[in-house]
Amino acid sequence: MDLDLTTEQELIRDTARQFARRELAPAAAERDAQDIFPTRELRALADIGLLGVNVPEEHGGMEAGVVAYSLVITELARACASTTVAVAVTNMVAELICQFGTEEQKVRYVRGITDGEMVSGSFALSEPQSGSDAASLRTRAERVEGGWVLGGTKQWITSGDVSGVTVVWAKTDPAAGAKGISCFLVEKGADGFGVGRHEDKMGLRGSSTVSLTFEDCFVPEKALLGDLGDGFKLAMVALDGGRIGVASQALGIGLAALSEGLGYASERKQFGKPLTAFQGLQWMLADTATELDAARLLTLRAALLKERKRPFTLEASMAKVYASEAAWRACDRMLQVHGGYGYVKEYPIERLLRDARVTRIYEGTSEVQRIVIARELLRRQDRMV
Ligand code: CAA
């Protein structure tokens, strides 16, 4: 067992760290306060290759693996979680197209996503009535001459208004349940493809979250991603990987909170001593550091399994549920360390707390992760205990 990073992984992590400190951190509060989408920052990330860390070189990526990708997401999230979610969803879409797309689809979309020309990709699975129960989606795709006509509404779509390409899940055989779902690549500006409400969110305010509408939206035959009826499996495969991204993001937010808490507790004096001299606060710092390290190990293990092409569904869900809940506790405790100053916008900790909250919800709630973990545990119990 080797816990050391390779030289390449360290280099990529340090590049992301420097970029995050220089380009993302200074305006993170402003992006949050004024709902500014990080278009310029995404292009700058594309310029240094960080939009395609786990994408094959032949399609414009860095091909540096899943561990490197996880390290990048964590470093970016330490500075700006809003920018990070756009990067993570873009990566998820690029990987999905690389894994299941035709050569033409890879050439047309993956390079455009990773070099920043298409700004980002988006992932349109959820609907107003279909969240955790993803197979209950209602968007329809009717076969017509030369292609398909999409009809329906999607909700909670990250970067859905700015993306050059959106992966859309629709029922192609409504009677067949999960096996009647297929997946389509829809380009920005397609006839009948509209952007609806922009969500007024609690956190990640620099990211864009919209609903999307499809009204008689024609897509050609070649827009089908993967095989007909395989859409649900594609969604599950993509989300397994996406959950490593969310775990990495949550870890980054938690580490940022710990750093803020340590800084504040070292400077602030009460009863004639710095806060760090009080054991009650030391324990909060100790618990937080320990939990974040556990989150880091779970996340990197899931990333390594995926990189080695071994099963990682269970490990990704464990990493996601643990890291997102540890990040939440980290933000809450470190806000407490700040006292009243933690409750106002003068310090970043309240933004970190708001940003952390959604990591327990999106790409599968904590409850869904526990369903996945329990199912896997029951399926392979002899190998787990
Ligand atoms: N990999 C491959 N195949 C999988 C799989 C996986 N991880 N998980 C399930 N499948 C397959 C099953 O094997 C089954 O196929 P067979 O019938 O051939 O055996 C099929 O998919 C159906 O599986 P289930 O019966 O387990 O499906 P279910 O309806 O019980 O749902 C669930 C399971 C885990 C709850 C799933 O619905 C789920 O993950 N829900 C959460 C959805 C989610 O994460 N949404 C996030 C939206 S995207 C987002 O947030 C992005 C953003 O913008 C930030």
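Lysine 345 is exposed, with a relative accessible area of 62%, where exposed means over 50%, buried under 20% and partly exposed in between, computed with a 1.4 Å probe and protein chains only. The side chain of lysine 345 meets that of glutamate 350 in a salt bridge, at 3.5 Å from N to O; the term denotes a side-chain nitrogen of Lys or Arg within 4 Å of a carboxyl oxygen of Asp or Glu. Glutamate 350, at 12% relative accessibility, counts as buried. The model is a predicted one, in which local features need pLDDT of at least 70 and side-chain atom pairs count only at pLDDT 80 or more, while totals for chains, interfaces and linings use all residues. Residues are numbered from 1 along each chain as its sequence is written, and side-chain values use heavy atoms, with hydrogens and water left out.

By the rule stated above, the structure has 27 salt bridges. One of them joins arginine 197 to glutamate 199, at 3.0 Å from N to O. Here arginine 197 is exposed, at 51% relative accessible area, whereas glutamate 199 is buried, at 18%. Another salt bridge links arginine 40 and glutamate 41, whose closest N and O atoms are 3.2 Å apart. Arginine 40 counts as exposed at 52% relative accessibility, and glutamate 41 is buried at 9%. These two residues also belong to a network of salt bridges that links Arg22, Glu23, Arg31, Arg40 and Glu41.

The structure holds seven aromatic pairs, a pair being two rings of Phe, Tyr or Trp (its six-membered ring) with centres within 6.5 Å; planes under 30 degrees apart count as stacked, over 60 as edge-to-face and the rest as tilted. The rings of tyrosine 264 and tyrosine 347 have centres 5.6 Å apart and planes at 90 degrees, so this pair is edge-to-face. Because tyrosine 264 lies in helix H7 (residues 231-267) and tyrosine 347 in the loop between helix H9 (313-338) and helix H10 (349-357), the pair ties together parts that are 83 residues apart in sequence. Helices (H or I, at least four residues) and strands (E, at least two) are DSSP runs, numbered from the N terminus. Tyrosine 264 counts as buried at 8% relative accessibility, while tyrosine 347 counts as partly exposed at 24%. Phenylalanine 271 and phenylalanine 278 form another edge-to-face pair, at 6.1 Å centre to centre and with 70 degrees between the planes.

Most residues other than glycine have a negative phi. Phi of phenylalanine 271, however, is positive, near 50 degrees. Aspartate 35 likewise has a positive phi near 50 degrees. Aspartate 35 lies in the loop between helix H2 (28-34) and helix H3 (39-47) and is partly exposed, with a relative accessible area of 41%.

Charged groups also meet rings. A charge sits over a ring if NZ of Lys or CZ of Arg is within 6 Å of the ring centre and within 35 degrees of the ring normal. The charged end of arginine 357 sits over the ring of tryptophan 328, 5.5 Å from its centre. Arginine 329 lies over the face of tyrosine 322, at 5.8 Å from the ring centre.

Helix H4 (residues 66-79) has 14 residues and reaches 20 Å from its first C-alpha to its last, close to the 20 Å expected at 1.5 Å a residue; the expected span is 1.5 Å times one less than the number of residues. Since 13 of the 14 residues of H4 are buried, this helix is largely enclosed by the rest of the structure. Leucine 11, in helix H1, is exposed instead, with a relative accessible area of 57%. Leucine 3, in the segment before helix H1 (7-24), is exposed at 63%.
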